[in-house]
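This briefing goes with the sequence and structure shown below. Please look at both before reading the points that follow.

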Amino acid sequence: MNRRTPLLSLLLLTFTVAVAGCDDGSEAKAKAEAEAKAKADEKKAEDDALAKRKADREAKKKAKEDAEAAKAKAIDELCVLPEKMPKKLDKACEDAAKAQDEFMQKHYEGEALAKWNGAKSGQLQTATAMCTKAGSIEAAACQANALRNAPEEHKKALPDFLRRCMEKFPKKEGE
């Protein structure tokens, strides 16, 4: 065996180890870039999810506002004076109270109607008294007209009809 062979083998082994151990940092750099990209992708996904939730929340809010505006518009359109106006406040208020009862009879049934029928005497007396105290023939006529013409989808809007008519037709000075 040649003396140079072990030396050559040792040199070759040293060179191989040196080349393998001598990394120019490209593997570490690639790993760091991959980790940074993964974090950036994760952050983007979080931001996208947050933006989607915000957009969904805003869309729901807008839909709710639009529905409320549509309901208010529909109520306002029903809160108008009838063609034939009553002449006296007490008759107008009695008619408005009667219209409340007709509204309840028309739109409710079962337990809700039974509950109304059990308490309606007092409710109608209170309604008549409040109407008389408000002192507006127009508001009473508006209430009676609105309640008689209210469609089923507004069955829970009775207080809205009463309030809107009072707003549109307040007591006039001197009455």
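What is the volume of the largest pocket? It is about 280 Å³, a value computed on a predicted model. The protein has 175 residues, of which 24% count as buried.

**Overall fold**

- The secondary structure consists of six helices and zero strands.
- Read from the N terminus, the elements follow the order α-α-α-α-α-α.
- Take the contacts between residues at least 6 apart in sequence: 80% of them join residues at least 24 apart.

**The largest pocket**

- The largest pocket is lined by 16 residues, and those closest to its centre are Gln 100, Ala 127, Met 130, Gln 143 and Leu 162.
- Helices H3, H4 and H6 each give at least two residues to the lining of this pocket.
- H4 supplies the largest share of the lining, with seven residues.

**The nonpolar cores**

- In soluble globular proteins, nonpolar side chains tend to be buried together.
- The largest nonpolar core here has 23 residues.
- Within this core, the residues that touch the most other members are Cys 79, Phe 103, Met 104, Leu 147, Leu 158 and Phe 161.
- Two or more residues of this core come from each of helix H2 (26-78), helix H3 (89-107), helix H4 (110-134), helix H5 (137-149) and helix H6 (158-168).
- The largest share, five residues, belongs to H5.
- A second, separate core has six residues, among them Ala 92, Cys 131, Ile 137 and Ala 140.
- Leaving out residues up to four places away in sequence, Cys 79 touches Cys 142, Ala 146, Phe 161, Arg 164, Cys 165, Lys 168 and Phe 169.

**Aromatic rings**

- The structure holds one aromatic pair.
- The pair is formed by Phe 103 and Phe 161, with ring centres 6.5 Å apart.
- The planes of the two rings are at 75°, so the pair is edge-to-face; the cut-off for that label is over 60 degrees.
- Phe 103 lies in helix H3 and Phe 161 in helix H6, 58 residues apart, and the pair therefore links distant parts of the chain.
- Both Phe 103 and Phe 161 are buried.
- Elsewhere, a charged residue meets a ring: Lys 155 lies over the face of Tyr 108, at 4.9 Å from the ring centre.

**Two buried residues**

- Ala 134 is in helix H4.
- Why does Ala 134 count as buried? Its relative accessible area is 17%, and buried means under 20%.
- Apart from its neighbours within four places in sequence, Ala 134 is in contact with Met 166 and Lys 171.
- Ala 134 and Met 166 are 32 residues apart along the chain, and their C-alpha atoms are separated by 8.0 Å.
- Asn 145 is in helix H5.
- Asn 145 has a relative accessibility of 17% and so counts as buried.
- Not counting residues up to four places away in sequence, Asn 145 touches Leu 78, Val 80, Leu 81 and Pro 82.

Note on methods:
Residues numbered from 1 in each chain as written. Predicted model: local features only at pLDDT ≥ 70, side-chain atom pairs only at ≥ 80, totals over all residues. Heavy atoms only, no water. Core = buried A, V, L, I, M, F, W, Y, C linked by side-chain atoms within 4.5 Å. Buried < 20%, exposed > 50% of the residue type's maximum accessible area, 1.4 Å probe, protein only. Helix = DSSP H or I, 4+ residues; strand = E, 2+ residues; numbered from the N terminus. Contact = heavy atoms within 4.5 Å. Phe/Tyr/Trp six-rings, centres within 6.5 Å; stacked < 30°, edge-to-face > 60°. Lys NZ or Arg CZ within 6 Å of the ring centre and 35° of its normal. 1 Å grid on protein atoms, 1.4 Å probe; cavity = no way out; pocket = protein on both sides within 12 Å on 5 of 7 lines; lining within 4 Å. Points joined across faces, edges and corners; volume = space filled by probe spheres on them.
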